[in-house]
Amino acid sequence: MDLQLGERRLHVYDFGDGVPVFWHHGTPNLGLPPEPLYRPGVRWVSYDRPGYGRRSTAVPGRTVASAAADISHIAHALGIEKFAVFGHSGGAPHALACAALLPDRVTAVVAGASLAPFDAEGLDWFAGMIASGEASLRAAAAGRAAKEAHEASGVPYDPEFTPADLAALDGPWSWFGKVVGPALEDGPGPLIDDDLAYVTPWGFDPASIRVPVLLLHGERDGIVPASHSRWLASRIPGAELRLTPDDGHISVLNHAAAALDWAVRR
């Protein structure tokens, strides 16, 4: 469905029946909820972040925190009072925003392969990051013009997936083929907006989160190094950190079903 918010539009997905779980997609993806996690008793709700997929209106300059307001509007439109939240990769900071800013509505949060804030004290933010990812995010840190020039240069992005990642993509997580390619049909604008949001103030402090948080991270992740989730776990009161030594950025989702069980029990 399409939800109209003044002059802008959000494209919303709503699948299943049961405990509501809001999905936050990665960069660059569409918001289609993760089919490998569909199951009876879970209602998946999600949306294309602004600019993605031609159906959600772009909002240049949006912050990570803005996702909480979008989710609040969607929940109100669907008559959902309380819900869990699940985010992977670039979606994970947006899931944490909901935990921080909607504490009376969010029951639990799963954040898989999450970035930490760019200004995270004591964290060497780029340490362990693959070369192409570091170059892309350093361009974002230099400002919109530099990031746009980087994307226009044609420089290839090599995710350097681990063997475990490639096996996951050949298996149940081949689902990513449905959400990556169509996400940028109108160009890299939403990816640029995402990356700029990650390296500018998020609009909330992870230390303010008081709802249950589960952090998942693969130790072999070079797209978002596991040090980011370690930092978050050290700052978010009561957060549980599950590190898997042989997993990368995608294969960590092989543990997502167990994380979903944890979330819906809260």
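Over residues 35–255, what percentage of the chain is helix and what percentage is strand, and how far apart are the end C-alpha atoms? The chain there is 34% helix and 14% strand, with the end C-alpha atoms 14 Å apart; helices (H or I, at least four residues) and strands (E, at least two) are DSSP runs, numbered from the N terminus. This is a predicted model, in which local features need pLDDT of at least 70 and side-chain atom pairs count only at pLDDT 80 or more, while totals for chains, interfaces and linings use all residues. Residues are numbered from 1 along each chain as its sequence is written, and side-chain values use heavy atoms, with hydrogens and water left out.

The span 35–255 comes from UniProt, where an unreviewed entry places the feature "domain: AB hydrolase-1"; such positions are given in the numbering used here, feature names are shortened, and annotations may be inferred rather than shown by experiment.

Strand β3, residues 18–24, has 5 of its 7 residues buried, a term that stands for under 20% relative accessible area, with exposed over 50% and partly exposed in between (1.4 Å probe, protein chains only). β3 runs parallel to strand β4 (residues 41–47), to which 6 bridges join it, and W23 has S46 in β4 as its bridge partner. With strand β5 (residues 83–88), β3 pairs in the parallel sense over 4 bridges, and here F22 stands opposite V85; two strands pair if DSSP finds at least two bridges between them.

S114 lies in the loop between β6 (106–112) and α3 (131–141), and S114 counts as buried because its relative accessibility is 0%. Leaving aside residues up to four places away in sequence, S114 touches several residues, among them S89, H217 and H228, where contact means heavy atoms within 4.5 Å.
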